Every structure is written in structure tokens, then in C-alpha cells.
Amino acid sequence: MRVAMLRNLLRISAVVLFLGMILFMATAVLEDLSGNFQHQRLDFESTFASFNNETGADHFIVPNIIHLIRFSQPEFSFIDYICIQAAFRNHRPDHFYIHTNEAGRKFRGKYWELIERDLELRSRIRILPLEPPSEIFGQEIPPDLRPFHGGDIARIRTIMKYGGIYLDNDVYVIKNLDKYRKYEIAINWDKDQFLGTQVIIANRRARFLAMWLDSYREYHPELWYYNAGERPTTEILYRYPELVHRVKVQFGADISLSLNLYVEKKFDWRPLDTIHLMINHRSYMDPYYNETPSFDENVIKTYPYPFGEMAREMVAASGMNNFINAKKMT
């Protein structure tokens, strides 16, 4: 009898000990998880709190992804082709993310076909669905402005989602942009001008992005560049310039620089990192526009101004003529 009682007591003690060990381990795991969550939360909240956008990090903090946004632009032009080739060959991104509202995420035209024949380039392209924003903070974006003002908003949101390098479709990349991938955000802000939105290189958690988007709570559709450039410059960057790595001149966003591509034969574009071609503004900006209203691989063979040299380099580097000839033979 006493032996049986002793055995039961030992069994009960063993069960209690076992349960106690499980409880101890579970508590430790929960505390560890809680501690990790708290640590992660604190890390998130303090991201870039004391970051120096003058010196940057000692490693890349911006993913090597180039973002392009194409709203209601199903056909690729010669300029589109040249610019995507320049970005590919002069920067070498891991991926291109092309964000579009085209049905089926399909593009068309001779130059898109040439991109598809360039297997190395095409393998890096991801086509993602994106609709132009119709409102911002409850304020309607007029339908005719959605590709433009909506595009301004979409580029901010896209970088906030993925991080990376945003380029306008007519930005020509001249040099590798890796040196800017060590900053929280690098953006064009020339002296005595508002910021430029043609090139944005940023970590998705960059502080300025959220503040920039929030500044749209006061949206003025009647003012073309107020929300995209003027307001974020005067209301945010004038007060907190340390939020960005300020790029002067090197992104080639100044109109005077772009104009040189079509009027100044001796203009040296090579020291720049990128340049905005302003192709949609040539009709009123370029005094020689009527002589060469459009560009293709034949026109640029003899085009005497700097853009001709830039385009010829990409035609040669991409093997474009080989693709064209191969297509003629099929």
C-alpha cells in the first residue's frame, strides 16, 4: 500500500515537474518573441532617425530595382527604347519594374518587340498592374490630370512600397547610380529651384517620402507643379534639408541642360549621372524641332546634336540593328 502511494506521488511529482518545465520554456519563448517584436518595433520607429544623408551608409540600403510608370502608354517609342537600354547598360539594375494600367499588362510596337528580343534585358523586366490614382486624401484628381498628378503620387507610393530607383521614361542614365544607393533618399534639388521628381533613389522607409505624400492633404489641381515640387520643397525641405541627399546638377533635370542636347553641338553631357531628355517639351523648347520632329534609328544616324551621339551609342550597344535584321529575315 505504502509502495503504491509512493509510486503515485513520484508520478504526480514527475508530471508537475514536466508541466513546470513546459511552462518555463513557453514563458521564455514568449518573452523572447515579445522582446524581438519590441526590438523590431523600436528599430522600425528609429529607422533613419539619426541618419546622415551627407555621408550615407557604408553599404547599399536601396534595392537595385528601377521603376518605370506607364499610364495609358501601350506603345514603346524609340526614346523609350533608348532610355531603357541606357538604364540597363549603364547602371545594370537587378530588375526593372514597369507599373502600368494596360489591359493584360501587355505592350506593343516595334520597339517593345525589340526589347523582347533582347533576352538579357527582358529577363530582368517585371510588368506590374497599377491604376492612376483618382483621389488623394478624399480630394478628386481631375480625370485629365490623373496620368500626370496621379503619376506624381504613384511614384511616391511605389518607392514607399518597394524602395529603389524611380526614373521618368525619358531619363537617360549616363553613369552607374550605385553611389546614391547608400543614402536614405537622393533627389534632384538644384540651387534656387524646387526639387525635381524625374529621378528618385530611396529606401522605402525614407522619412521624406511619407512627409511628401502627406503634403498632398492640401492638393491644388490647378497648379501644375505645386504639390509635386513646390510645396514639398518650401514646406518640408526648407525646414528639414537633412531629410534628403541633395543632388545638384548631376541628375540633369535643369531645362537649360536638357535644351543643350538639341541645340549645342559641343555640349559635354558625359560628366552628368543622368539627364532628362524632356522629349515631350521639344516642340516649344527646341528651335530646330521642325527640322527633326521625331527620332528613330535612321534619323539619329546623322543627327548632329548631342542626343544623336547618345542614341547612337545605345543603338550600337544594344545590337538593335541585328535584332531588326533578324526580324526582317523571319
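Tutor: K106 is exposed, since its relative accessibility is 62% and exposure begins over 50%. This value, like every other one discussed here, comes from a predicted model. K106 belongs to the loop that runs between β2 (95-100) and α3. Its C-alpha lies 7.2 Å from that of P74, although 32 residues separate K106 and P74 in sequence.

Helix α3 covers residues 110-117, and its buried residues are Y111, W112, L114 and I115. These four residues take up an arc of only 155° around the helix axis, and therefore they lie on the same side of α3.

What does α3 pack against? Three of the buried residues of α3, Y111, L114 and I115, meet F78, Y81 and I84 of α2. Sorted by class, this contact between α2 and α3 holds six nonpolar residues and no polar or charged ones. Two packed helices are described by the angle between their axes and the distance between the axes. For α2 and α3, the axes come within 8 Å and cross at roughly 25°. Angles under 35 degrees count as roughly parallel, and α2 and α3 are therefore roughly parallel to each other. Their crossing is right-handed.

Helix α2 has a further partner in α10. The axes of α2 (residues 78-91) and α10 (residues 306-318) come within 9 Å, with a crossing angle of roughly 70°. An angle from 65 to 115 degrees counts as roughly perpendicular, so that description applies to α2 and α10. The crossing of α2 with α10 is left-handed, whereas that of α2 with α3 is right-handed. On the α2 side, the contact with α10 is made by F78, I79, Y81, I82, Q85, A86, R89 and N90; on the α10 side, it is made by F307, A311, M314, V315, A317 and S318. By class, these residues comprise ten nonpolar, three polar and one charged. F78 and Y81 take part in both contacts of α2, the one with α3 and the one with α10. I84, by comparison, is one of the α2 residues that meet α3, while R89 and N90 are among those that meet α10.

This group of helices belongs to a chain with eleven helices and eleven strands. Of its 330 residues, 46% count as buried. Among contacts between residues at least 6 apart in sequence, 74% join residues at least 24 apart.

D152 is located in helix α5 (residues 149-162), and its relative accessible area of 11% makes it buried. Apart from its neighbours within four places in sequence, D152 is in contact with T197, Y216 and A228. D168 sits in the loop between β6 (164-167) and β7 (171-173), and it too counts as buried, at 14% relative accessibility. With residues up to four places away in sequence left out, D168 touches R155, T197, Q198 and H276.

V249, which is not a glycine, has a phi of about 70°. V249 lies in the loop between β10 (245-247) and α8 (255-263) and is partly exposed, at 41% relative accessibility. M278, likewise a residue other than glycine, has a positive phi near 50°. M278 is placed in the loop between β11 (274-276) and α9 (282-285), and it is buried, with a relative accessible area of 8%.

A49 lies between α1 (2-45) and β1 (65-70), and its relative accessible area of 52% makes it exposed. A49 and L243 are 194 residues apart in sequence, yet their C-alpha atoms are 9.6 Å apart in space.

Terms used:
Residues are numbered from 1 along each chain as its sequence is written. This is a predicted model: local features need pLDDT of at least 70, side-chain atom pairs count only at pLDDT 80 or more; totals for chains, interfaces and linings use all residues. Side-chain values use heavy atoms; hydrogens and water are left out. Axes are lines fitted to C-alpha atoms, for helices over the stretch in contact, and angles run from 0 to 180 degrees between N-to-C directions. Helices (H or I, at least four residues) and strands (E, at least two) are DSSP runs, numbered from the N terminus. Angles under 35 degrees count as roughly parallel, over 145 as roughly antiparallel, 65 to 115 as roughly perpendicular and the rest as oblique. A crossing is left-handed if the near helix is turned anticlockwise from the far one by less than a right angle, and right-handed if clockwise. Contact means heavy atoms within 4.5 Å. Ala, Val, Leu, Ile, Met, Phe, Trp, Tyr, Cys and Pro count as nonpolar, Asp, Glu, Lys and Arg as charged, and the others, Gly among them, as polar. Buried means under 20% relative accessible area, exposed over 50%, partly exposed in between (1.4 Å probe, protein chains only). The arc is that of the directions from the helix axis to the C-beta atoms.
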